[in-house]
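Here is a friendly walk through the inside of a protein model. Take a look at the sequence and structure first, then read on.

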Amino acid sequence: MSPKPRLFFVGVGNMGNPMAANLIQAGYPVTVFDVTRGKAENLLQLGAQWADSLAQGAAAADVVMASLPGPAQVREVMLGEGGVLASMRPGTCVIDTSTSAVDLVRELVAVGQRLQVDFLEAPVTNAVDFAVLGRLSIFVGGDLACFEKHRPIFDVVGEKIFHVGAPGNGATIKLLTNLLWFVSAAAIGEGLMLGAKAGVPLETVWEAIKSSAGNSWVAQHDVPSIFAGHYDPSFSLALCCKDLGLIHDIAASQGVNLPMAGAAQSLFQQAKQTYGEQAAELHVVRLIEEQAGLLLRPPHGQAL
């Protein structure tokens with residue numbers, strides 16, 4: 001059996017950290033880098049090595065993986081001075097799990113081809129708890145042979161893995177799934193509030209939603225964060241608004257009007273302006289709570 005490829009993991013925050021941890025525990029030799037070294041301490045304790053720079057880590061790697069906040073960071077890491085792509089050896093591969101922009105993905109694939117470096121976009125979904133469990137859904141766009149070669153890596157961090165075709169398709173699919181997530185997140189508070197104001201116990205409202213045509217991933221996964229009052233700090237309003245902007249860009253490029261996306265974008269921007277960029281994503285529900293004067297806390301809500 002051939003040895004496992006040497007991995008360089010860039011960006012070990014909320015999503016990247018558990019992915020890197022799972023790869024270390026699966027026996028991959030992993031080197032890590034993040035602008036905040038403290039985020040990597042648990043990985044170093046698990047056996048990861050630290051790279052002092054992007055160029056150092058990329059030059060020694062067979063596969064570079066990245067988990068970054070958005071297109072600006074992806075561009076800087078991949079194409080900036082001392083960046084990843086120019087530092088890699090021919091025949092190596094990048095797997096970028098960030099939520100990026102379609103045009104940027106295609107640009108990075110083209111740059112990689114000139115340098116004889118494969119570039120796979122591989123945005124992930126299903127939140128931090130699924131990342132910890134190695135049960136992410138992953139949308140891989142790019143060369144099929146490269147994807148098949150590195151399928152064992154994807155199998156460590158993901159449960160449902162889709163090769164979605166040409167570069168850019170992964171970003172499109174990830175963003176349309178986020179659109180449905182954000183619309184649902186903006187609406188779930190309205191349904192809960194309607195039930196609470198009618199005097200129905202909130203736990204009963206929630207169970208009814210999950211057992212009906214109104215069920216969704218948001219209903220299953222996010223309502224406990226609303227009831228707890230922490231609104232899911234693993235994902236920020238800044239990231240929500242960034243992704244909604246990318247969704248708008250895709251729609252504009254395709255000449256498609258998305259009124260639900262526009263409504264969600266307006267609400268998330270209002271929440272960001274009210275509570276700050278780093279406030280948790282479900283503060284979009286907090287807007288509803290403040291308007292109604294009632295916190296959605298079981299059993300019957302708490303007056304503000």
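## The nonpolar core

In this predicted model, the largest nonpolar core holds 103 residues, and Met78, Leu192 and Phe268 have the most contacts inside it. Such a core is a set of buried Ala, Val, Leu, Ile, Met, Phe, Trp, Tyr and Cys residues joined through side-chain atoms within 4.5 Å; buried means under 20% relative accessible area (1.4 Å probe, protein chains only). Helix α10 (residues 169-197) gives the largest share of this core, 12 residues. Helices here are DSSP runs of H or I with at least four residues, strands are runs of E with at least two, and both are numbered from the N terminus.

Leaving aside neighbours within four places in sequence, Leu192 is in contact (heavy atoms within 4.5 Å) with Leu202, Val205, Ile209, Val223, Ile226, Phe227 and Leu296.

## An enclosed helix

Helix α16 (residues 283-292) is largely enclosed by the rest of the structure, because 7 of its 10 residues are buried. Among them are His283, Arg286 and Glu289. Their cover includes α10, α13 (223-228), α14 (237-254), α15 (259-275) and β10 (294-295). After α16 comes Gly293, with a positive phi near 70 degrees.

## A charge over a ring

The charged end of Lys210 sits over the ring of Trp206, 3.6 Å from its centre. This label requires NZ of Lys or CZ of Arg within 6 Å of the ring centre and within 35 degrees of the ring normal.

## Reading the numbers

Residues are numbered from 1 along each chain as its sequence is written. Local features need pLDDT of at least 70 and side-chain atom pairs 80 or more, while totals for chains, interfaces and linings use all residues, and side-chain values use heavy atoms, without hydrogens and water.

Terms used. Buried means under 20% relative accessible area, exposed over 50%, partly exposed in between (1.4 Å probe, protein chains only).
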